[in-house]
Amino acid sequence: MMLHSKLRSLIILLAAIVTIALSACTPARSQLTNRLIVPTPSGPATFNYPLNQSAYSVFGYLNEGLINENGLTSELEPGLAESWEVSKDGKKIVFTLREGLKWSDGEPMTTDDIIFSYDKIYFNDKIPSGLKDTLRVGMSRQFPKLKKLDSRLVEFSVAEPFAPFIRYAGGIPILPAHILQESISNTDSEGKPKFLSTWGTDTDPKKIVGNGQYRMLSYTPNQRVVLERNPYFWRKDTQGTTQPYIQQIVWQIIENTDTQLLNFRSGDLDSLEVQPEVFPLLKREEKRGKYTVFNGGPDTGSVFMCFNLNKGRNPQKQPFVDPIKSRWFATKEFRQAIAYAINRDAMTNNIYRGLGAPLHSPIPAQSPFYLSPKEGLKTYSYDLQKAKDLLLSAGFKYNTEGELLDTEGNKVRFTLLMAAGKKVREQMGTQIKQDLGKLGMQIDTQFLSFNTYVEKLRLSKNWDTYLGGFTGGLEPHSGYNIWSVNGTLHSFNQGPQAGEPPIKGWEVAEWEQKIDDLYVKASQELDEAKRKELYGETQKIIAEQVPFIYMVNPLTFEAVRDRISGIKYSAIGGAFWNLYELKIAE
């Protein structure tokens, strides 16, 4: 009798363990039907918006700016501000806030919050936010000045013309002064603002205050974030009904894209970014699976291989990059040879199933500032012999085994760093390894979880090359933090950031500074044709110097359940840019 009792207890215990294990990779189920479950390959790195470095975050749900960008047209639309007025000389903008705005905790939101967000956080030299790069104006590199006119009127002004002024003055999330003021005023034992350790992922999610469509309900690390509708959000439809209509969002953390696919096909996810290799399968199953695969056209972002050109040293006086490898990477012919040796047409056909085309520029083809190959942009069509000739001209040589050696006889071998879980990126890494093997190079691939991968790139700076991507936009200045020599995303030669000591040995190449200067000059130019010329010059320098080797520009596809109505999918905004007006059939 005792044996049976113990056996039954063991079975119950094992069942409980299996249930817990399965719940870690299966989306949360609920009796609530008015909820949207969407996958993400990585959990949040922080709940503090200005400190975020990750491409995967919940801030789009939690925060809102003064103005919004239409996901179909990229045109600016009212957000927290109901209107704005620009002076004739373009140097002043007055925003008028909506009446009765509130934070997600019910407290009133006023122009004091706007002044606080910009002056105390975004412009604060002690807070390392990438937004500084895009907010600095012209050659003077000054920040815009803000002036409170009353509780609903705020004026932004700049000392010199700044073409992206409206988009960057109004498009950044406003943060709550009544919650964060103390963390800015108080410092830790090292004299740093306590804001830097505020709202980490260990914070109670219910204590995160925003002004967006949703607020956080719960966060289970490595599993999911659950968001609930913000009852104080300002938006209403034409009948006066409060928006958004969807009651809950489940942001499901599933690192592996194959696992995402299984969960979507089983009905546990409401949307899925469709990878090229599964497009035929999902398109064929549309009717039976009760979903629609939307085609948004070419992606506006970029995927690339990046070289670490940083010659600096860490505090222990160790070089970030092995000096032998650093000499290779610093050689322009070496970078160009690799660009010629990667068969991007094969990558397009084999990995992307022909659903895309080789990418040549950081500025998307949809942008009016894009420089096409026909207009003089240098491109790198697959040419293995040209790649070898470039290497030989730079002093490299081959041994009898066909291995590539540098001038000192060192074998050319380096590591390609990638984020784990993305099947397409893993396939790209495999092809790059094979293609460069034909040049006599040995490539070692290293896979890390996304947040660990970002930390290694940003903090340690101890890497050789990496395969990564940036989201894109039609306005080139949105990428200034990539091309500014002091930018937070200037990953190929990352300099010291706010609050960090100088980096010994860090050098800025003349061509790097030239790109930075041209971006600044283009931001000052109000004539669109002249701006195109300036950005065209930056694209020519980037193509010549190849700090990034751009891979493929794929078509964008997303599968969304048919029970969700109102989808207006585009490459610019994705499937849920108009989340506030989407409805779920009960």
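**Notebook: pockets, a sheet and cavities**

I started with the second largest pocket: its lining splits into 8 nonpolar, 7 polar and 5 charged residues. For the classes, Ala, Val, Leu, Ile, Met, Phe, Trp, Tyr, Cys and Pro count as nonpolar, Asp, Glu, Lys and Arg as charged, and the others, Gly among them, as polar.

Ground rules: this is a predicted model, where local features need pLDDT of at least 70 and side-chain atom pairs count only at pLDDT 80 or more, while totals for chains, interfaces and linings use all residues. Residues are numbered from 1 along each chain as its sequence is written, and side-chain values use heavy atoms, with hydrogens and water left out.

**Back to the pocket.** I read off a volume of about 620 Å³ for the second largest pocket. Of its 20 lining residues, Leu51, Gln53, Pro128, Arg458 and Leu459 are the closest to the centre. I noted that domain 1 (35-46 + 184-299 + 555-584) and domain 3 (302-554) both give residues to this lining, so the pocket lies between them. The domain bounds come from an automatic or database domain assignment.

My note on terms: on a 1 Å grid over the protein atoms alone, a cavity is a set of points where a 1.4 Å probe fits but cannot get out, and a pocket is an open set with protein on both sides within 12 Å along at least five of seven lines; lining residues have an atom within 4 Å of a point. Grid points are joined across faces, edges and corners, and a volume is the space filled by probe spheres set on the points.

**The sheet.** Next I looked up an open sheet of 5 strands, ordered S18-S17-S19-S13-S20, with mixed pairing. Strands S18 (442-448) and S20 (548-550) are at the edges with a single partner strand each, so one side of each has no neighbour in the sheet. Strands here are DSSP runs (E, at least two residues; helices are H or I, at least four), numbered from the N terminus, and two strands pair if DSSP finds at least two bridges between them. S17 (residues 413-419) and S19 (residues 465-470) run parallel, joined by 2 bridges. I found Leu417 opposite Tyr466 in S19.

**Cavities.** I found 5 cavities of 30 Å³ or more. The largest cavity holds about 100 Å³. Which element gives the most to its lining? S20 does, with 3 residues. Helix H18 (528-545) also supplies at least two. The second largest cavity has about 80 Å³, and its lining includes Pro41, Tyr56 and Lys422.
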